[in-house]
Amino acid sequence: MKILINQVLEVLNKNIEKTFNIEIDSNDIQNSTKKEFGDFQSNFAMKNAKALGDNPRNIANKLIENFDGEDIIEKIELAGPGFLNIFVKDSILNEDIKKMTKENIEYNIDSSKIVAIDYSSPNIAKRMHVGHLRSTIIGDALKKIYQELGFKVYGDNHIGDWGTQFGKLIVAYNKWLDREKYEKDPIGELERLYVLFGTEAKKDPSLDDLAREELRKVQIGDEVNFALWKEFITYSMKEYNKVYDRLGIKFELINGESFYNEMMPDVLEDITKKGIAKLDDGALVVFFDENESNLPPCIVRKKDGSFLYSTSDLATVRYRKRDLGVGIGIYVVDERQTGHFKQVFEISRLMGGDYDYDKIHTAFGIMRFGDGAIFSSRGGNVIHLIDLLDEAKSEVLKVIEEKNPELTKEEKEEIAEVVGVGAIKYFDLSQNRTSPIMFTWDKVLAFEGNTGPYFQYTYVRIQSLKRKAKEMGIELNENIDVLTKNSIASERELVATMLKYPSAVIKAYETNKPNVIADYIYDLAKQFNSYYNNEKILANEDKEQILNKLALCDKVGEVLKKGLSLLGINTVDKM
Ligand code: ARG
């Protein structure tokens, strides 16, 4: 279906062309900020006053005089210095809302570029930290938003599976491994070994030489060390997959840093040929002196010949365009890496060719923990993510036991999982991505306010309304008009809000901020709940009216579900 705002725009433009004898191929119209201003507003008259040689109010009046709203626009009014307030017909609202929950939405966005979303990306042999959790949740939502708009998207988990830590780990593994612990909690044991190596190497610096030697053996493909390195990856991925499974996260690609290893010499050759790097005390360095970016120098090859994080990211940049055809690269990585990405993007721009395409670092703020939310025993922001999910689930379970004890044990478990995981995701996604956030269980699990459980509860309300209707012998008819001559203002407003869903998706895409969708569904849910609290939907003399209202409620449920699904959040029918 064509989205309503675009249908209105077409009619408006036809009228403009007819009245002023000019050709228009696009024009500004916006969702109205207040309902008195109609459904949409346009500042066409003001913007074109000069070109048309008249004052805006006259222009607007001329347009209104001859206006043909077709089947779409009910009326158009002049406001203030020359604004146009546009009111759409109820019949088009009825038609569009039926289509919106059934057909694909034509967003009219150019989605021809292939997108790579780089997210999650934990470092092997280390537990994911909260930054990785945020990246995972935000990245997955962005992926779904781009896909909804018709983009082909590669979700790419750029795991940190290469680097000097592996030499150290192998030394420690050979010397101090506790096999039993390793089998039970592989990442926990690898973390312990890594820390232990640090303390031991302080006492005995020869361990560092040993680590370098073990690392070199990995790099040249020594059978034993290579197998160990692979094992660290497999064991770590198994742990990460537990988190991904709980969160319902899937990746199209898992191309870690090591994947780019053999491409790095080529990249350095490209950089050298391009003449943007200089040798500086044996290291190869890109200086940004003659460049407006004012960035600090970026080393791309160390004195000892080894590569860096930036080198591997440059190889990644090139691979994604050259081999995958990517035209938009999105990096969902916490704000502490802003400097790194600025350097990588600027070097890519200077390089041109396979390095040059749209790249966005969708940085996000740090999440802090308050009111007893789990910390690891070692402090910092390293929490055990699985524990966080378990805790959310068990808290929700308590509420369900209380509210709905007659559900079966399996039902309760299933609901608690969906609602608990959804609560954590929603908490993250409802925040403006760029601000720091404080995690408190209160804010995550409340059933009132802008929280995951509030939406679950709203959705369930609608489903139980449908069940109740059925018990009364009233079967939902999805194809009935939701608005009739009997409809009240709040019903029309609900429909108008639902039809703004596509605008929210587009804005979320334009800003790369999933919280735009969260804000939208929060508005819709609030509106719905106040309607629901004021209107007796099933207690109506007129059975026809019950059907209209029931269909309206059902559509609200559908739009909520759609919005939540873009945030990677599932819904339940009962709770
Ligand atoms: N592994 C990195 C870290 O945990 C994040 C990688 C982000 N992606 C990238 N292409 N650099 O800090």
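**The ligand shell and other parts of the chain**

Author: In this predicted model, the residues around the ligand are Asp-118, Ser-121, Asn-123, His-158, Gly-160, Asp-313, Thr-316, Tyr-331 and Val-333. Sorted by class, this shell holds five polar residues, two charged ones and two nonpolar ones.

One shell member, Asn-123, falls in a span that carries an annotation: an unreviewed UniProt entry places the short sequence motif "'HIGH' region" at residues 122-132. In the model, that span is 27% helix and 0% strand, and its end C-alpha atoms are 6 Å apart.

Next, the strands. An open sheet of three strands runs in the order β7-β8-β9, and its pairing is antiparallel. Its edges are β7 (277-280) and β9 (298-301), each of which pairs on one side only. On average, neighbouring strands in this sheet are turned by 40° against each other, direction ignored. Between β8 (residues 283-286) and β9 there are three bridges, and Val-286 has Cys-298 in β9 as its bridge partner.

A hairpin is formed by β3 and β4, with three residues between the strands. Strand β3 covers residues 73-79 and β4 covers residues 83-88; they pair in the antiparallel sense over six bridges. Glu-77 is opposite Asn-85 of β4, and Gly-80 in this hairpin has a positive phi near 55°.

Last, a helix. In α19 (residues 489-498), the buried residues are Leu-494, Ala-496 and Met-498. Among the elements that cover them are α5 (90-100), α20 (501-511), α21 (515-534) and α22 (543-566).

Notes
Residues are numbered from 1 along each chain as its sequence is written. This is a predicted model: local features need pLDDT of at least 70, side-chain atom pairs count only at pLDDT 80 or more; totals for chains, interfaces and linings use all residues. A residue is near a molecule or strand if its C-beta atom, placed from the backbone, lies within 6 Å of it. Ala, Val, Leu, Ile, Met, Phe, Trp, Tyr, Cys and Pro count as nonpolar, Asp, Glu, Lys and Arg as charged, and the others, Gly among them, as polar. A residue is buried if 20 or more other C-beta atoms lie within 10 Å of its own, exposed if 12 or fewer, and partly exposed in between; C-beta atoms are placed from the backbone. Helices (H or I, at least four residues) and strands (E, at least two) are DSSP runs, numbered from the N terminus. Two residues are in contact if their C-beta atoms, placed from the backbone, lie within 7 Å. Two strands pair if DSSP finds at least two bridges between them. UniProt positions are given in the numbering used here, feature names are shortened, and annotations may be inferred rather than shown by experiment. Axes are lines fitted to C-alpha atoms, for helices over the stretch in contact, and angles run from 0 to 180 degrees between N-to-C directions.
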